[in-house]
Protein chains: 4
Amino acid sequence: MESDWRALVARDDIDVIDVCVPQALHATVAIAAAEAGKHVLCEKPLALNQADAKAMLAAVRQAGVRHCVNHNYRRVPAIQLAKQLIDEGRIGRIFHWRATYQQDWIIDPEFPLTWHLQREHAGSGPHGDLNSHSVDLAHFLAGRIETVSCLTASFIDQRPLPGVGAATFAAGAQADSPVCGKVTVEDASLMHVRFANGAIGSFEATRFAAGRKNRNRFEIYGSEGSLAFDLKRMNELELYSRNDPEHIRGFRTILVTEACHPYVGRWWPPGHTIGYEHTFIHTVADFVTAIHTGGAIHPDFSDGLRVIAVLEAALESAASGRQIKVSSIHSPEGVSS
Amino acid sequence: MESDWRALVARDDIDVIDVCVPQALHATVAIAAAEAGKHVLCEKPLALNQADAKAMLAAVRQAGVRHCVNHNYRRVPAIQLAKQLIDEGRIGRIFHWRATYQQDWIIDPEFPLTWHLQREHAGSGPHGDLNSHSVDLAHFLAGRIETVSCLTASFIDQRPLPGVGAATFAAGAQADSPVCGKVTVEDASLMHVRFANGAIGSFEATRFAAGRKNRNRFEIYGSEGSLAFDLKRMNELELYSRNDPEHIRGFRTILVTEACHPYVGRWWPPGHTIGYEHTFIHTVADFVTAIHTGGAIHPDFSDGLRVIAVLEAALESAASGRQIKVSSIHSPEGVSS
Amino acid sequence: MESDWRALVARDDIDVIDVCVPQALHATVAIAAAEAGKHVLCEKPLALNQADAKAMLAAVRQAGVRHCVNHNYRRVPAIQLAKQLIDEGRIGRIFHWRATYQQDWIIDPEFPLTWHLQREHAGSGPHGDLNSHSVDLAHFLAGRIETVSCLTASFIDQRPLPGVGAATFAAGAQADSPVCGKVTVEDASLMHVRFANGAIGSFEATRFAAGRKNRNRFEIYGSEGSLAFDLKRMNELELYSRNDPEHIRGFRTILVTEACHPYVGRWWPPGHTIGYEHTFIHTVADFVTAIHTGGAIHPDFSDGLRVIAVLEAALESAASGRQIKVSSIHSPEGVSS
Amino acid sequence: MESDWRALVARDDIDVIDVCVPQALHATVAIAAAEAGKHVLCEKPLALNQADAKAMLAAVRQAGVRHCVNHNYRRVPAIQLAKQLIDEGRIGRIFHWRATYQQDWIIDPEFPLTWHLQREHAGSGPHGDLNSHSVDLAHFLAGRIETVSCLTASFIDQRPLPGVGAATFAAGAQADSPVCGKVTVEDASLMHVRFANGAIGSFEATRFAAGRKNRNRFEIYGSEGSLAFDLKRMNELELYSRNDPEHIRGFRTILVTEACHPYVGRWWPPGHTIGYEHTFIHTVADFVTAIHTGGAIHPDFSDGLRVIAVLEAALESAASGRQIKVSSIHSPEGVSS
């Protein structure tokens, strides 16, 4: 057991580093690990900004090590099944992507000003924290995002400092009083995008949706059919097929717990569900397998960089009130995809 | 029975005119009816553009007649209940409005170029046809919209002319060939808005969502609770309350079929549902009652004008790629609300 | 307008009588109508007992008039679609029928002793009132019931007489006191049955299921697929097909609002729902059409009699604690089916 | 690692034995473990019959060791929450229990005659395998069952022997041919019960419900409210409360993933679901804690015996066509509860 990451990276008996330090340290640790010849699994989002992400991508490429970003929701069996159905042609040409990622944990105005609500520590609010998941899924399932327009909102500007009692706060909290601080990240983000393939998409990320504890939901509409997924019911996938006979068309709820479904054959008998942690187990298993076999693994750092490019373009749009083109991605050494 | 609307308007034995001619004729008929001293019920959207809508509003005010726009979904009992719950304070300060209105009837590329798909006849596509409903509901339930950004999409540019056989089309259809015509309205529209009260909102209208036959759905999130409605299940309303004890909070599905619910006491025993046409019956009943009692009736032409102002601003945004402020509404005689 | 049914039956200008008097009078009125040469539509259940039902059947047969029982739920489009899917072979050999019909209107112990709760007026409680619907649907969709076992329950024995104030009741109500009366029908009924085709089935009828306002639900399981219906969402039907590819099997929710669905082509565009009263409209339309064309109409009095035979056998089972065979149905003139 | 259970039971360094051998061996192993002074956790159902179960209960009592039956579904957080809500009085006097446990894995007539389908190996079919779960939950949540009536069904009598190719079977399988064998357990079971507290209940267990992979569902209806649970969505519980204001009553879906919910505080942040295996983890944790603290643990062998008494009475009812009283439970040494 090491408590110093530098000591860990220096060890000879370790082949893989999982970078799960705070986001602002991702680049430092990941680059050091790559330089030490370790394969690198990095928690999401890949980095605080595109510059860091590009440096990380350059480092792993230079070192020739395997790299993966833990956008863990790709490893939900139902989402892998969604990808399989798209690849089978069951959705056809995609017209619409719709994503929401809603939580409700800061509705109470007395919720304190934790680090999540300060730009210098968190980079951004739900736009980065939650939309990073949704944008990765959109790239995985619907295609590459080309242009973005974004609108953000702040609902509560001042919050009590952590440790300040609610009573004190209620009694005397003024803006800029010693017990109060300013929220410097957005409370919610709405994005509209165009994909390279002509589809359009919407994203909504918020921490102000009462009753939505962790609602990571997407819908995909295409020329042959449609898909819908909701993390609350992560063992289910909804499919509509225009190829069914007309009188029996309808959204069907596939219980993704059969041996024929992705990952499921390794778990329980039919009809027995799995939980959130299995997404991490699947990611680790896939990454180790990819290292062992030399096979492909996604999302890699290039995919992670692309997510950040979209999120950054969106914040630029929110600031300017204009649609923004997502920058094409070039690394010093010709990063592309 | 009259087949000439002018004859109808001229009759002495008629007090109320229901304007259900094509949208491009709304202004002509409604103004004539008002000038003849008739109370006017007008199908939605009120007019093709703000100029017409303002003229209509001026006419009914000048004539001193009652006026109403048939945004019929306000008369769904579950939606009236939503309004009641908001007025009771059960939702609190509103943070988010989310609306979708999805259909799927023109996904087939061989669906012909009917009048709905030509700007000169229809004004716009789902943006006007469907979003007019959603914007009216947003004004009713969430507040006044102040700024808009919008993105529209066209998925299928050319379609066979009506009456052209599918075989002919498949065999020889070229762009601009005699059997083909150009689609001149949008196929889908995405809007983001800010409300005067600080809330933000999203709207999506499309005819390309496979499996969504007529999905008029909205969600409202506030500081005390949340609401969700889906027209497919028009006798139901979902409510989440942050004021429930913590361990039993959850979205509850209210079956809006009790005598204590709006309109329902006039229909069946508990648990028996009503259908789409009842929204029209309720509208007519409410309008006639308002005429009889002199009580208020909404949405009136002023409300209808406000919907059109939002939709026009959105199209301006879609064309320019910029956020647009919704014009404030002034009539020659100081129309306001 | 006639207020005396005998005068109505005697009129020459009337061809069809709809018997919607209290159940105890069905036989008298229906037989008189038949003898006067009228076609007869009779509300459900057909009669208080088999003897009456047989007499009614004999009368309409003797008179040569058309006859129909208004088990109106057969005329829900989704239920007609269920029948169609069964006839198409999509369900295969039927193994299981499951029906529940739950209400909750007499849970309050202060709900008064209305006529519904007295055997001499109502015949029975939910067993007759609600299970008559479910048994008719079982005969329509799953096959003929051969044996029955039944268990009934009484939860509240004494209730205040109608018009007795709640305060009086709460203060002084004793069993057999002047303000109280005895409930003489069952509060709930559970039935298990075997069908002639080897399937088994369950039925549950109650007025003590809090939150179930009028939950008329059934499920059918067969060798090829399954069906589920819930009246609360009467425009929907759930279908599972074992003939779908294995990885995309799931219960699909068919929105029964397309022109290709039973009855729907006569109503609204796709996706627009209908309500409870449409079941009555469909029944009347079908009956009048059958009279006009001479075509078949079901459920007729023979079907209605069969429902009553099952319900009577069940009550005999409940009294004896034994399985009971449903009597085969013979009329004086050889009634059979 | 021991491969001989006798060696395991003899070891001094082991305090707890988990009996997960086939059911026919439960009694032998559990009694030996108890006699060796081990605490015993036994998989469900406790034993093949009441005689064995009583001997097991006597053995653990004599030895003074702790004992537990792994009816694991009691440890689903949502089911513990259901118990808590009942104990809080939110359901009131219970009127109805409804349980279904449906699977679909032997619908195919070519599914082979595995040991599950032979009485000498499996004791019974879904009646024992699935209803044992449901009966334990009924005892936990609704009360003690007093009388039972039961109906069983066999849909497919002959099946190919394991290892016989489908082609051979299809070509030449005759009843009693060398490639075929007789199914000697029931394919489905329906039970009706009366509880000691006056409630009534229904149970349905089957392996012939197409599309129901592992549908362990129950509903409870009481004087104050109702509950519903479905294992497919094991992180959810539905609650209806008659104590809500009338116009906002409805079934609410509680997402049982908050820190205030049973077990959940030890797992993920709000809104993150857990899976099937967590029920086993919770059972082991609770059993070890009970051993450590001396606190109560249920279901114990006495509870396990009571389940078996109900199942046996039901089979007696199925054979005789009569309602059967569940035997009161007396051990040689006065087992009771």
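Copies here are superposed by least squares on the C-alpha atoms of residues with pLDDT of at least 70 in both. That matters at once, as this is a predicted model.

Start with symmetry. Two copies of a chain are related by a rotation about an axis and a shift along that axis. Take chains A and C. Rotate by 180 degrees, shift by 0.0 Å along the axis, and chain A lands on chain C with an RMSD of 0.0 Å. That is how a two-fold axis relates its copies. Where does chain A come nearest to the axis? Look at R252(A): among the C-alpha atoms of chain A, that of R252(A) is nearest, 1.7 Å away.

Now the interface. Of the interface residues of chain A, 100% are interface residues in chain C too. So the copies meet through the same surface.

Next, chain A by itself. How many helices and strands does chain A have? Ten helices and 14 strands. Its radius of gyration is 21 Å. The globule rule gives 20 Å for 337 residues, which is close, so chain A is as compact as a globular protein of that length. Along the principal axes, the C-alpha trace of chain A spans about 65 × 55 × 45 Å.

What about burial? Of the 337 residues in chain A, 60% are buried, and the cut-off for that is under 20% relative accessible area. Chain A exposes about 12,400 Å². Carbon and sulfur atoms supply 52% of that area.

Contacts in chain A reach along the sequence. Consider those between residues at least 6 apart. Of these, 70% join residues at least 24 apart.

Over to chain B, and one sheet. The sheet is open, with three strands in the order β1-β2-β3 and parallel pairing. Which strands of chain B sit at the edges? They are β1, residues 16-19, and β3, residues 67-70. Each of these pairs on one side only. On average, neighbouring strands in this sheet are turned by 15 degrees against each other, direction ignored.

Zoom in on one pair. β1(B) and β2(B), the latter covering residues 39-43, run parallel and are joined by four bridges. In that pair, find V16(B): H39(B) of β2(B) stands opposite.

Last, what lies across the sheet? Helix α10 of chain B, residues 301-320, lies across β2 and β3 of chain B. Against β3(B), helix α10 runs at about 45 degrees.

To recap: a two-fold relation between chains A and C, the same surface used by both copies, and in chain B a parallel three-stranded open sheet with α10 lying across two of its strands.

Definitions and conventions: Residues numbered from 1 in each chain as written. Chains lettered and ligands numbered in written order. Predicted model: local features only at pLDDT ≥ 70, side-chain atom pairs only at ≥ 80, totals over all residues. Heavy atoms only, no water. Contact = heavy atoms within 4.5 Å. Pairing = 2+ DSSP bridges. Axes fitted to C-alpha atoms, helices over the stretch in contact; angles between N-to-C directions. Rg over C-alpha atoms; globule rule 2.2 N^0.38 Å. Buried < 20%, exposed > 50% of the residue type's maximum accessible area, 1.4 Å probe, protein only. Areas by Shrake-Rupley, 256 points an atom, 1.4 Å probe, with all protein chains shown as cover.
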